[in-house]
Amino acid sequence: MGKRIFVFDTTLRDGEQVPGCQLNTEEKITVAKALDELGVDVIEAGFPVSSPGDFNSVVEITKAVTRPTICALTRAKEADINIAGEALRFAKRSRIHTGIGSSDIHIQHKLRTTRENILEMAVAAVKHAKKVVHEVEFFCEDAGRADEAFLARMVEAVIAAGADVVNIPDTTGYMLPWQYGERIKYLMNNVPNIDKAIIAAHCHNDLGLATANSIAALTNGARQVECTINGIGERAGNTALEEVAMILKCHSHLGLETGINTKKLVSTSHLVSTLMRMQVQHNKAIVGRNAFAHSSGIHQDGFLKHRENYEIIDPAEVGADASSIVLTARSGRAALNHRLATIGYMLSKEQLDEAYKHFLDMADQLRKVEDENLHELMRASEFAK
């Protein structure tokens, strides 16, 4: 049995920060229930101090969903923490996610203070939050650009203050996978009390590396991955939950496993896409419309001979419809013959050769050849009369 990776879903907090994708309380509860069925371990339900609506949503989610830990975000401020604690008062298991900048860029140009003051504020926030909720998670904002030695001091200090989880976010999506993995490894080897807390990876996708960075963190000792459905989130988005879940499932040799019911990935993706009015790109890994579609003749022929020639995932594993053969001008005879057979036309080799010539003429005019087009092609063919 592999080492357990905890899945922290922030679709309702970081994901909902996408412009135009805000949800009302009822919609958030619907998503939270779907995340519960999906098997996530922690749901970050919102940022209660940000608005009365977000506060109310966190309260209602704690009433509607009881299995996962329900988490609320705060700044490292006592007032924020108190409000979050109030919003989480009905939670069966509550967590406050508090934190502050750890990089000199943030310390000097955002917070305009010193490293020592930052450490004091971090410790104070953790100690206060520990009095308010069951669990405390601390985020070292912009850890990807922080001085390693100072970051290690911060992690050690907040664990000593009572943090149960310490989040090492690549807030700007700047790091390369090997760099982020090395950063996690450095902390595992240089923070004396690191065994007293779970280390979390929270990666942004500004350079398209969020998922790769998250996997690098997990293979170097992180045990919680923070992600969103469809990879939505600030700017270019966050680590996509469905990608991490299937990477760990496909690469079981890593010895890491989640509690995610992967057969619900596609339905959850569709739900979030619909409610947030944010279309999933067609070529999106795992949940995109074309994830199991084949249009190249060489690929189609290989797929029809043996699915695993061109698919590493069975669509049923993620709750997707069956793989599809899409007919275009790039398709070959095998794909055309397969599709014609499925709609009732059994052709000899000579007939198929003749039909294929007409098919290519049609396909050059159409972006995609549908079944009704094939019926038209057959009606126009001499041998079909």
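**A close look at helix H7**

Tutor: The buried residues of H7 pack against helix H6 (148-160), S7, S8 and H8, where contact means heavy atoms within 4.5 Å. Helices (H or I, at least four residues) and strands (E, at least two) are DSSP runs, numbered from the N terminus. The model is predicted: local features need pLDDT of at least 70, side-chain atom pairs count only at pLDDT 80 or more, and totals for chains, interfaces and linings use all residues. Residues are numbered from 1 along each chain as its sequence is written, and side-chain values use heavy atoms, with hydrogens and water left out.

Consider the helix itself. H7 comprises 14 residues, 177-190, and at 1.5 Å a residue it should span 20 Å; its end C-alpha atoms lie 20 Å apart, which agrees. The expected span is 1.5 Å times one less than the number of residues. Tyr 180, Gly 181, Arg 183, Ile 184 and Leu 187 are its buried residues; buried means under 20% relative accessible area, exposed over 50%, and partly exposed in between, with a 1.4 Å probe and protein chains only. An α-helix has 3.6 residues a turn, so residues three or four places apart point the same way. On the face of H7 turned away from the buried side are the exposed residues Trp 178 and Asn 189.

Next come the strands. S7, H7 and S8 form a right-handed β-α-β unit: with the strands pointing away from the viewer, the path from the first strand over the helix to the second runs clockwise. S7 and S8 run parallel and are joined by six bridges; strands pair if DSSP finds at least two bridges between them. Within this pairing, Ile 168 has Ala 201 in S8 as its bridge partner. Five of the six residues of S8 are buried, leaving the strand mostly covered.

On to the neighbouring strand: S8 and S9 are also parallel, with three bridges between them, and His 202 stands opposite Glu 226 in S9. The chain crosses from S8 through H8 to S9, and this β-α-β crossover is right-handed. Helix H8 (residues 210-218) lies across strand S7 (165-170), strand S8 (198-203) and strand S9 (224-227), and runs at about 165° to S8. Axes are lines fitted to C-alpha atoms, for helices over the stretch in contact, and angles run from 0 to 180 degrees between N-to-C directions.

Eight strands close into a barrel in the order S2-S3-S4-S5-S6-S7-S8-S9, with parallel pairing. From one strand to the next, the twist averages 25°. Helix H5 (residues 115-130) also packs on the sheet, touching strand S5 (94-101) and strand S6 (135-141), and its direction makes about 170° with that of S5.

For the protein as a whole, the secondary structure comes to 14 helices and 12 strands, and 53% of its 385 residues count as buried.
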